[in-house]
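Student: I would like to learn how to read a structural model, one feature at a time. Can we go through one together?

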Amino acid sequence: MLKLFVPTRDKEWEIAILTNLPLSHADAAKIAELYRNRWSLETLFQTVTENFNAEIQTLAYPKAALFSFSMALVTYNILATLKAALGSVHGIAKIDAGLSDFYLVDEIQGTYRGMMIAIPSQQWEIFRTYSLDQMGQLLQQLATGVNLKRFLKAIRSPKKKRQPLIVDHRHRHVSTARLLDIY
């Protein structure tokens, strides 16, 4: 059992991890740190799978599947860069807690298609000459104009408790008229 200085996102102050590693290889604090960092990779793979269609549905083309997954990872890096720029302006906690990756990806995809149609490729050449610092400053400047409310996660309301169906196990069919008589 390891007591934390900062709670997890589920507001837990302790982590219990069972391992067969000998103490000479790693102590409890190191094991817990590695385990907590694992979840950032799990989140990355979930985002890539859900938002970037990283998994193609056929097993016949393993090279195509690998290429598709690689492109999804590159695209994830772009999303992470944009979220970092937004976080540097609006606060990282606000970005991590409240922004929906789905809505951000949807906006980027739609805007990209329109920009590729409306803006000639010569206009994009200027960005090749930008240094990393210049690109970072530009992204921060653009991030100041982003309306974060457009990209907030949809918060689910608590599930309503449903009345259990009364089913006669001898008869699988439940008559609507019988249900209406009960209620």
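**Reading the chain, from overall form to single residues**

Student: What share of the contacts in the chain with a separation of 6 or more comes from residues 24 or more positions apart?

Tutor: A contact means heavy atoms within 4.5 Å. In this chain, 55% of the contacts with a separation of 6 or more join residues 24 or more positions apart.

Student: What should I know about the model itself?

Tutor: This is a predicted model, in which local features need pLDDT of at least 70, side-chain atom pairs count only at pLDDT 80 or more, and totals for chains, interfaces and linings use all residues. Residues are numbered from 1 along each chain as its sequence is written, and side-chain values use heavy atoms, with hydrogens and water left out.

Student: Which elements does the chain have, and in what order do they run from the N terminus?

Tutor: Helices (H or I, at least four residues) and strands (E, at least two) are DSSP runs, numbered from the N terminus. The chain has six helices and two strands, in the order β-β-α-α-α-α-α-α.

Student: How does the radius of gyration of the chain stand against that of a compact globule?

Tutor: The radius is taken over C-alpha atoms, and the globule rule is 2.2 Å times the number of residues to the power 0.38. For 183 residues a compact globule would have a radius near 16 Å, whereas the chain has 24 Å. The C-alpha trace spans about 75 × 60 × 45 Å along its principal axes.

Student: How much of the chain is buried?

Tutor: Buried means under 20% relative accessible area, exposed over 50%, and partly exposed in between (1.4 Å probe, protein chains only). Buried residues are 17% of the 183 in the chain.

Student: Which residues touch the most other members of the largest nonpolar core?

Tutor: In soluble globular proteins, nonpolar side chains tend to be buried together. A nonpolar core is a set of buried Ala, Val, Leu, Ile, Met, Phe, Trp, Tyr and Cys residues joined through side-chain atoms within 4.5 Å. The largest one here has 14 residues, of which V48, F52, L86, L99 and L104 touch the most other members. Helices α1 (28-51), α2 (62-90) and α4 (101-118) each supply at least two residues of this core, and α2 gives the most, with four.

Student: Which residues does L99 contact, leaving aside neighbours within four places in sequence?

Tutor: L99 is in contact with L86, K94, L104, L148, F151, L152 and K153.

Student: Where is K11, and is K11 buried or exposed?

Tutor: K11 is in the loop between β1 (2-3) and β2 (14-15). K11 is exposed, with a relative accessible area of 67%. K11 has a positive phi of about 65 degrees although it is not a glycine.

Student: What does separation in sequence look like in space?

Tutor: Compare C-alpha distances for a few pairs. A16 and M1 are 15 residues apart along the chain, and their C-alpha atoms are separated by 4.5 Å. L23 and D10 are 13 residues apart in sequence and 28 Å apart, C-alpha to C-alpha. For M71 and Q57, 14 residues apart along the chain, the C-alpha separation is 16 Å.

Student: Where do A16, L23 and M71 sit?

Tutor: A16 is in the loop between β2 and α1 and counts as exposed at 58% relative accessibility. L23 is also found in the loop between β2 and α1, and is exposed at 70%. M71 lies in helix α2 and is partly exposed, with a relative accessible area of 41%.
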